[in-house]
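Subject: Structure handover

Dear colleague,

Here is the structure for your files. My notes on its helix packing and strand pairing follow below.

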Amino acid sequence: MKNETVQTDITVVGGGLSGVNAAIAAARLGQKVALIQNRPMLGGNSSSEVRVWVCGATSHGVNRYARETGIMGEMFVENQYRNPDGNPYLWDMVVLESVLAEPNIQLFLNTDVHEVEAYGEEDDRRIASVTGWMMGSERRIRFESELFVDCTGDGLVGFLAGAQHRIGREAKDEYNEDWAPEAADNITLGSTLLFYTKDVGHPVRYVPPSFAKDIAATTIPLKRVIRSGDNGCSYWWIEWGGELDTVHENERIRDELWSVVYGIWDYIKNSGKFEAETMTLEWVGSIPGKREYRRFIGDYVLNQNDILAQREFEDRIAFGGWSIDLHPPGGMYATESGSKHLHPDGIYHIPFRSLYSVNVSNLMFAGRNISASHVAFGTTRVMATCAVIGEAAGTGAALAVQHGVTPRAVYERHLTQLQQTLLRQDASVIGLRSSDDEDLARRAKLTASSTLRRLAVEDAAEPVALQGGDVALLVPVAPELQRIELLLDAAAATTLEVEVWSTGRAENYIPHRLEVSGLAALAPGERQWVSIPLAWKPPTAQHGFIIVKANEHVTLYVSHQPQTGVLSFVKNTSATVSADFSNQDPDQPVILWSMKKLVRKPFCFRMYPETTAFEVGHVTDGFVRTYGEPHMWLSEARDPAVSKPASLELQWQETVQISEIHLTFNDDVNEDLINLHHHYTPFPVIPELIRDYRLEAYVQGQWVKVHEETANHKRKQIHRLPAAVNTDQLRLVIEATNGSLHAEVIEIRVYG
């Protein structure tokens, strides 16, 4: 046996997506990081060992413009580029390479931390070290750091350090939560094992093992949906153990889950109720995917009311958007639906105070163990949300080490720096504006080769009959709306009614308040452009939710050419999800108005007057996400075969020295990407992303190329010049996109 000591600035324990994001964030800020994972691969529940989809704020397309950016966003986009078919082993490599790319990270796989040295009184403790055993290598390693981040999910490090925590459900009156039980208890969400099947093209016999459960003798076939062709994660409801101790009875839970997995396959193969003759089991998990155990207590406990109110915390550092998603204690044997869902009207915010311990001064945490009530945990627990929390925790940890202070002091004294650093990293924060005084671009005058001002979609591809119900368009209204024209067929003389609603909060995309309505008398005819007067001038630029009311005589048209800044919706008239799968309130606005059937398919329209929503000044306005309006520059539509390159230029009144340039391109955060196989996205690169471009500086009377990029598929690029350049003009020249007709740029930052 070999005894070792590793000294770093920060130790991150747990190599799931929260730990990976925390380690990368801290390492990129210059801190030396030890990342410790007790499995042979990274990714936690998303890895090829467990194979859970990485879900997040998009909520599988329920929320608009909600896909994560920052480090998690990088991995989503990279996985789509390399692995559009959702191979779990290729996803493992995307996660691993993201860590290996950071020279400041020391990675320790197969290392199980089970000892913590901590000292101090109960209300003021501090961790000195953690110790782990590297399996297969006989190495006992002691990790010493200034700060520790517990990303273990189960919260073992914090527990051993004496950190205050909770297990189970709080009573309803503790946080005044409607969804909490009357009395507190120890019930948690259960664990799940997944399985993959494969059609091999010839008959396959299945003889179940002796321990396979006869599920026909259980309640499972009555209240759960079983189909022979479903992919693995569709069986998320194979869940059990919430009424047990999900850690100390993990082995018992696994055995029960195995018995059900093999029993379900016996039911599919041998009951005669399914077409499965040529199908076989391809893979069965062996590690239960845990949902819940310890939740630490921080300076703030996030609760149900914060989620539903979308509370704008002063210290918000990340966002989520998955529904509050709670499962019955009995899991797969329960007679009620497998889950119940409560949605806010859009994304919600997460405070930094929920990421550090109330009583262990140098302990932070990220993932499913953050400071949240059981009900709030029902949404924060999904992995993409855990990941963005991890990036915020890693960033906060780096600043704590940099300033020689505790995480609490980061909140008290360095909150602005924390939030501005996250914005500079393109992290998943909404509603905050950059105020980085070091960014030279903020002082520059901006001009562009062209700007999209006429907002219209005219290329009709598919009819949508209004007899099915109301439909809607979301458009930026900047500075005003006077009228809109719609392309339609009218089968008979009729009157078309159209309404314009404001969306309430800048981060929401639902009808909130009726602002104006208009009528148009229609004559019978096909493919006619009809004008509807809709005069609305909001006090600030914002989105308008334009509802076209149902009409049995009218058919609209959608285009298959997406338009950035425009979304289409249909109003649901029936439940969108089987009640056997989940229980959702169909009247919640984000469920009632769905864009899923019309993603990247805008209704054909013409909007008047011209818009200022895509002016070039948006690339330095401090916002890197859609918030009230798109906050990006779009050129006019270009024909790549004949158009000149698009460009935008920065001019300073004095000579500046440039050494680093940050570019953020539009990767359409409305597109719901996934790491595995929930759905297939047909393009490996987001079409709106800039593909080929160059950066030029004006030096001694001529334009000099300082960087050139081809075949780009990333949202954010940071270009560090080999030598600083003195200039008073810089321009970005865009030769080609990955499919969009427009050059689309969200942000430019320039540093000396």
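Axes here are lines fitted to C-alpha atoms, for helices over the stretch in contact, and angles run from 0 to 180 degrees between N-to-C directions. Helices (H or I, at least four residues) and strands (E, at least two) are DSSP runs, numbered from the N terminus. This is a predicted model, in which local features need pLDDT of at least 70 and side-chain atom pairs count only at pLDDT 80 or more, while totals for chains, interfaces and linings use all residues. Residues are numbered from 1 along each chain as its sequence is written, and side-chain values use heavy atoms, with hydrogens and water left out.

Helix packing

Helix 1 (residues 17-28) packs on helix 2 (residues 70-82) with the axes 9 Å apart and an angle of about 115°. That makes the two helices roughly perpendicular (65 to 115 degrees; under 35 is roughly parallel, over 145 roughly antiparallel, and the rest oblique). In contact (heavy atoms within 4.5 Å) are Leu 17, Val 20, Asn 21, Ile 24, Ala 25 and Arg 28 of helix 1 with Ile 71, Met 72, Glu 74 and Met 75 of helix 2. By class, this contact has seven nonpolar, one polar and two charged residues (Ala, Val, Leu, Ile, Met, Phe, Trp, Tyr, Cys and Pro are nonpolar; Asp, Glu, Lys and Arg charged; the others, Gly among them, polar).

Helix 2 also meets helix 3 (residues 88-100): their axes come within 10 Å and cross at roughly 135°, so this pair is oblique. On the helix 2 side the contact residues are Met 72, Met 75, Glu 78, Asn 79 and Arg 82, and on the helix 3 side Leu 90, Trp 91, Val 94, Val 95, Glu 97 and Ser 98. Six of these are nonpolar, two polar and three charged.

Four strands form an open sheet in the order 1-7-6-5, with mixed pairing (two strands pair if DSSP finds at least two bridges between them). Strand 1 (2-7) and strand 5 (111-121) are at the edges with a single partner strand each, so one side of each lacks a neighbour in the sheet. The twist averages 20° from one strand to the next. Strand 5 pairs with strand 6 (residues 124-134) in the antiparallel sense over 10 bridges, and Glu 121 has Asp 124 in strand 6 as its bridge partner.

Further along, four of the five residues of strand 30 (residues 567-571) are buried (under 20% relative accessible area; exposed is over 50%, partly exposed in between; 1.4 Å probe, protein chains only). Strand 30 pairs antiparallel with strand 23 (residues 471-477) over four bridges.

Regards
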